[in-house]
Amino acid sequence: MTPWEALALLLLLLTGVLVVTLKNAIHAALALIGNFLILAGIYVALEARFLGFIQIIVYAGAIVVLFLFVIMLLYAAQGEVGFDPLVRSRPLAALLALGVALVLLSGLWGVNLAFTENLQGGLPQALGPLLYGDWLFVLLAVGFLLMAATVVAVVSRIGRVRCST
């Protein structure tokens, strides 16, 4: 392992721990942006420039902006509430996270991700049939879930504002 790889590994671990442990949700989202940027740098260093740019544009750009929007929307009235309503949910969240991790690891147990075809067109040409072939339903479901979560957050916030006025 080169010193640059070790530095990238340490920075990824540090920003990942900061995302989980920071008390302020905005600071945690900024640590998440740092994590995404470091990961994009690793992709570029591995000569996967397309993935590096997608990491920056999609994740560090669009997804984190969506997270920040929902955080600001949901916690705008936290000063009025005076307490964090999610404190009691942490053990359940940890248990669910462990369950999701086990399901993901069990799903990857026998998967062979090696490309058997010639990649003369580059990685985007190889990823296209994968994303829009067998995995199209999964890709659309993730997009729908993100959109539905945002709509639910906005509607629940609007309901609270109308009730308090």
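The following exercises, each with a worked solution, concern a predicted model of a protein.

**Exercise 1. Overall composition**

Determine how many helices and strands the protein has, and what share of its residues is buried.

*Solution.* Begin with the secondary structure: the protein has 7 helices and 0 strands. Next, follow the elements along the sequence; the pattern reads α-α-α-α-α-α-α. Finally, turn to burial. The protein has 165 residues, of which 14% are buried.

**Exercise 2. The packing of H1 and H2**

Determine whether H1 and H2 are roughly parallel or roughly antiparallel to each other.

*Solution.* First, locate the two elements: H1 covers residues 3–21, and H2 covers residues 25–45. Two packed helices are described by the angle between their axes and the distance between those axes. For H1 and H2, the angle is about 155° and the axes lie 8 Å apart. An angle over 145 degrees counts as roughly antiparallel. H1 and H2 are therefore roughly antiparallel to each other.

**Exercise 3. A nonpolar patch and Leu7**

Identify the residues that make the nonpolar surface patch, and classify Leu7 as buried, partly exposed or exposed.

*Solution.* The patch is made by Trp4, Leu7, Leu11, Leu14, Leu18 and Leu22, and its area is about 570 Å². Among these residues, Leu7 is found in helix H1. The relative accessible area of Leu7 is 40%. Buried means under 20% and exposed means over 50%, with partly exposed in between. Leu7 is therefore partly exposed.

**Exercise 4. Two pairs of residues**

Find the C-alpha separations of Leu39 and Ile56 and of Ile57 and Ala40, then classify Leu39 and Ile57 by accessibility.

*Solution.* Take Leu39 first, which lies in helix H2. Leu39 and Ile56 are 17 residues apart in sequence, and their C-alpha atoms are 9.0 Å apart in space. With a relative accessible area of 23%, Leu39 is partly exposed.

Now take Ile57, which lies in helix H3. Ile57 and Ala40 are 17 residues apart along the chain, with 9.9 Å between their C-alpha atoms. Ile57 has a relative accessible area of 57% and is therefore exposed.

Notes:
Residues numbered from 1 in each chain as written. Predicted model: local features only at pLDDT ≥ 70, side-chain atom pairs only at ≥ 80, totals over all residues. Heavy atoms only, no water. Patch = residues over 30% accessible without salt bridge, like charges linked within 9 Å, V, L, I, M, F, W, Y side chains within 5 Å. Areas by Shrake-Rupley, 256 points an atom, 1.4 Å probe, with all protein chains shown as cover. Salt bridge = Lys/Arg side-chain N within 4 Å of Asp/Glu carboxyl O. Helix = DSSP H or I, 4+ residues; strand = E, 2+ residues; numbered from the N terminus. Buried < 20%, exposed > 50% of the residue type's maximum accessible area, 1.4 Å probe, protein only. Axes fitted to C-alpha atoms, helices over the stretch in contact; angles between N-to-C directions. Parallel < 35°, antiparallel > 145°, perpendicular 65-115°, else oblique.
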